[in-house]
Amino acid sequence: MTSVETAKGSVVSTNLGRVLMHEHVFVISTEIQNNYPDEWGDEETRISDAADRLNELKAAGIDTILDPTAIGLGRYIPRIQLVAARTDINIVCATGLYTFNELPHYYQRRSPVNGVDPMATHFVQDITNGFADTGIKAGVIKCATDKLGLTPDVERTLRACAQAHRETGCPITTHTNAETKRGLDQQKIFAEEGVDLSRVVIGHCGDTNDIDYLQALLDQGSILGMDRFGIDGYLNTQQRVEVVAELCKRGHASQLVLSHDASCYIDWIEGEVPLAPLPNWHYLHISQDVVPALLQIGVTDGQIDEMLIRTPHRFLDSVNKGGY
Ligand SMILES: [Zn+2]
């Protein structure tokens with residue numbers, strides 16, 4: 001038996017249960033919140049609110065979330081540790097870096113040493129030694145490519161993630177802009193870096209119903225993140241359900257994972273979750289609405305288990321295959 005790292009330590013991979021593969025706990029503009037703390041309010045209240053929401057999710061039948069809150073999204077693992085202590089849900093934490101364009105100046109002026117990017121050195125440290133002095137280790141590597149595409153700094157980030165992946169075996173999960181087919185750019189860079197594309201989740205694929213694009217990503221072996229249920233601005237729930245059903249019908253259930261990309265608190269949009277413009281964008285939408293809708297249009301219980309259990313376990317456990 002092999003184990004997966006979480007905010008409460010190692011968990012045997014077969015005990016991860018049902019997994020939502022892309023949910024944030026907190027998305028925070030750290031420097032703004034540190035200087036203008038009024039909106040965040042009381043730390044204890046935020047932590048207990050997060051624990052309550054995660055306990056509701058556990059009661060709805062979900063056992064694990066993958067929280068891809070990397071550097072750039074306000075990651076602060078000691079706070080996640082406090083939340084984790086108050087819930088039975090497993091939280092898999094992420095290393096990596098989230099930018100659509102430029103790197104933080106910190107990395108811009110630190111160049112690779114003997115071919116090793118200092119970003120990759122940090123990512124490997126999070127995976128092998130843990131985040132700072134928390135004792136918690138990263139279980140996944142996160143990066144992003146948006147409309148701007150492979151800017152020099154985005155490409156450098158992807159290659160640094162691939163380096164850390166090669167060294168540790170830790171799997172990769174991404175943010176993409178689906179409309180501009182950024183997943184293909186990511187697969188190209190990762191393939192150049194020798195990454196086994198079956199150990200990569202191309203994120204936010206559920207934002208499009210361009211089946212040809214999704215099929216092209218599937219053909220190269222990656223897992224698709226159908227991971228923004230509740231964000232109706234790209235596709236509404238019914239449209240997202242139809243795309244998942246079509247891909248299941250084509251025999252790809254084992255290459256799909258489900259999630260919302262929701263949070264307990266996200267300071268990018270004013271207000272508390274669920275936010276007024278996005279009433280379904282919360283942790284419970286898949287359990288309450290999406291799974292019943294999938295079953296109703298012909299997706300089988302076995303395919304649901306594939307997407308929520310077997311594929312997440314296979315992906316998260318791939319760290320145990322080691323580097324290459
Ligand atoms: Zn996200």
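1. His252 sits in the loop that runs between α9 (237-249) and β11 (256-258); helices here are DSSP runs of H or I with at least four residues, strands are runs of E with at least two, and both are numbered from the N terminus. Its relative accessible area is 13%, so His252 is buried (buried is under 20% relative accessible area, exposed is over 50%, partly exposed is in between, with a 1.4 Å probe and protein chains only). Not counting residues up to four places away in sequence, His252 touches Gln215, Leu218 and Leu247, where contact means heavy atoms within 4.5 Å.

2. Before going on, some ground rules. This is a predicted model, with local features needing pLDDT of at least 70 and side-chain atom pairs counting only at pLDDT 80 or more, while totals for chains, interfaces and linings use all residues. Residues are numbered from 1 along each chain as its sequence is written, and side-chain values use heavy atoms, with hydrogens and water left out.

3. Follow His252 to its partner. Leu218 belongs to helix α8 (residues 211-219), and it counts as buried because its relative accessibility is 4%. Setting aside residues up to four places away in sequence, Leu218 touches Leu224, Leu247, His252 and Gln255. Leu247 therefore turns up in the contacts of His252 and in those of Leu218. As a distance check, Leu218 and Leu197 are 21 residues apart in sequence, with 9.7 Å from C-alpha to C-alpha.

4. Now the metal. Which protein atoms are the donors of the zinc ion? They are His22 (NE2), His24 (NE2) and Asp261 (OD), lying 2.1 to 2.2 Å from the ion. The cut-off for donors is N, O and S atoms within 2.8 Å of the metal (3.2 Å for Na, K and Ca), and since water is not among the atoms, sites may look incomplete. Along the chain the donor spacing reads H-x1-H-x236-D. Both histidines, His22 and His24, are buried.

5. On to the core. The largest nonpolar core has 90 residues, and Val25, Ile91 and Met226 have the most contacts inside it. A core here is a set of buried Ala, Val, Leu, Ile, Met, Phe, Trp, Tyr and Cys residues joined through side-chain atoms within 4.5 Å. Apart from that core lies another, of 14 residues, including Val11, Leu66, Ala94 and Ile223. Leaving aside neighbours within four places in sequence, the contacts of Val25 include Ile65, Ile80, Ile91, Tyr265 and Tyr283. Ser263 and Cys264 are also in contact with Val25.

6. α3 (77-84) and β6 (90-96) each supply at least two residues, and the largest share, three residues, comes from α3. By type the lining divides into seven nonpolar, two polar and three charged (Ala, Val, Leu, Ile, Met, Phe, Trp, Tyr, Cys and Pro are nonpolar, Asp, Glu, Lys and Arg charged, and the others, Gly among them, polar).

7. Leaving aside neighbours within four places in sequence, Ile28 is in contact with Gln33, Trp40, Leu73, Gly74, Arg79, Tyr265 and Asp267.

8. Some backbone points to look at. Most residues other than glycine have a negative phi, and most peptide bonds are trans. Asn114, in the loop between α4 and α5 (118-128), has a positive phi of about 50°; it counts as exposed because its relative accessibility is 77%. Lys181, between β8 (172-176) and α7 (182-192), has a positive phi of about 60° and is partly exposed at 37%. Val273 and Pro274 are joined by a cis peptide bond, with omega about 0°, and Pro274 is in the loop between β12 (265-266) and α10 (285-296).
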